[in-house]
Amino acid sequence: MQRFLGLIGLVACLALVSGCEDGGGSDTSQVRFRNDSASKTVMAVWDGLAVGPIAPGELTDYREANEGVHTMQWIEAGSNKELTTVATPSLVAGHNYTFPYVD
């Protein structure tokens with residue numbers, strides 16, 4: 001029983017770390033982007049394509065993405081200044097993901 005509870009705890013921790021939400025079991029995933037900056041207007045660069053501009057406090061609509069590894073980076077809108085390094089999130093089919101920018 002203790003091993004079972006430990007496994008449930010591990011799965012819950014992994015879900016929190018990955019930032020995923022249950023999306024209902026489709027063959028693809030859904031991603032969206034949120035700007036938690038108080039002052040910067042940003043753009044998400046997802047697999048090399050800019051999404052935005054995203055104003056402070058704004059949340060984009062979900063967009064479909066294939067499962068697997070992608071690239072993600074935040075840049076400042078207007079100046080195209082890189083705000084983060086390139087990340088490589090790995091998506092699981094049937095889940096929804098929200099990627100926040102926080103400065």
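**Close-up views of a predicted model**

Asp 47 sits in the loop that links β3 and β4. Strands here are DSSP runs of E with at least two residues, numbered from the N terminus. This is a predicted model: local features need pLDDT of at least 70, side-chain atom pairs count only at pLDDT 80 or more, and totals for chains, interfaces and linings use all residues. Residues are numbered from 1 along each chain as its sequence is written, and side-chain values use heavy atoms, with hydrogens and water left out.

**View 1. The turn at Asp 47.** The hairpin of β3 and β4 has two residues between its strands. Asp 47 is not a glycine, yet its phi is positive, at about 55°. Its relative accessibility is 39%, so Asp 47 counts as partly exposed. The cut-offs are these: buried means under 20% relative accessible area, exposed means over 50%, and partly exposed lies in between (1.4 Å probe, protein chains only).

**View 2. An open sheet of three strands.** The strand order is β4-β3-β7, and the pairing is antiparallel. Two strands pair if DSSP finds at least two bridges between them. The edge strands are β4 (49–54) and β7 (72–76), each pairing on one side only. Neighbouring strands of this sheet are turned by 25° against each other on average, direction ignored. That angle is taken between N-to-C directions, on a scale from 0 to 180 degrees, with axes fitted as lines to C-alpha atoms.

**View 3. Strand β3 and its partners.** β3 covers residues 42–46 and pairs with β7 over five bridges. Ala 44 faces Trp 74 of β7. Met 43 stands opposite Ile 75, also in β7. Towards β4, the antiparallel pairing runs over four bridges. There, Val 42 has Ile 54 as its bridge partner.

**View 4. Both faces of β3.** Val 42, Ala 44 and Trp 46 lie on one side, Met 43 and Val 45 on the other, and all are buried. Five of the five residues of β3 are buried, so the strand is largely enclosed by the rest of the structure.

**View 5. The largest nonpolar core.** This core has 14 residues. Such a core is a set of buried Ala, Val, Leu, Ile, Met, Phe, Trp, Tyr and Cys residues joined through side-chain atoms within 4.5 Å. Val 31, Phe 33, Trp 46, Met 72, Trp 74, Leu 91 and Phe 99 have the most contacts inside it. Two or more residues come from each of β2 (29–35), β3, β4, β7 and β9 (95–101). In soluble globular proteins, nonpolar side chains tend to be buried together.

**View 6. Around Trp 46.** Which residues does Trp 46 touch, not counting those up to four places away in sequence? They are Val 31, Phe 33, Ala 65, His 70, Thr 71, Met 72, Pro 89, Leu 91 and Phe 99. Contact means heavy atoms within 4.5 Å.

View 7. Gly 52 and Pro 53 are joined by a cis peptide bond, with omega about 15°. Pro 53 belongs to strand β4.

**View 8. Asn 80 in its loop.** Asn 80 lies between β7 and β8 (90–91). Its phi is positive, about 60°, although Asn 80 is not a glycine. With 49% relative accessibility, Asn 80 counts as partly exposed.

**View 9. Thr 98 and Arg 32.** Thr 98 is in strand β9. Its relative accessible area is 12%, so Thr 98 is buried. A polar contact of 2.8 Å joins its side chain to that of Arg 32. A polar contact is a pair of N or O atoms within 3.5 Å; within protein, one must be able to donate a hydrogen and the other to accept it, and residues adjacent in sequence count only if both atoms are side-chain atoms.
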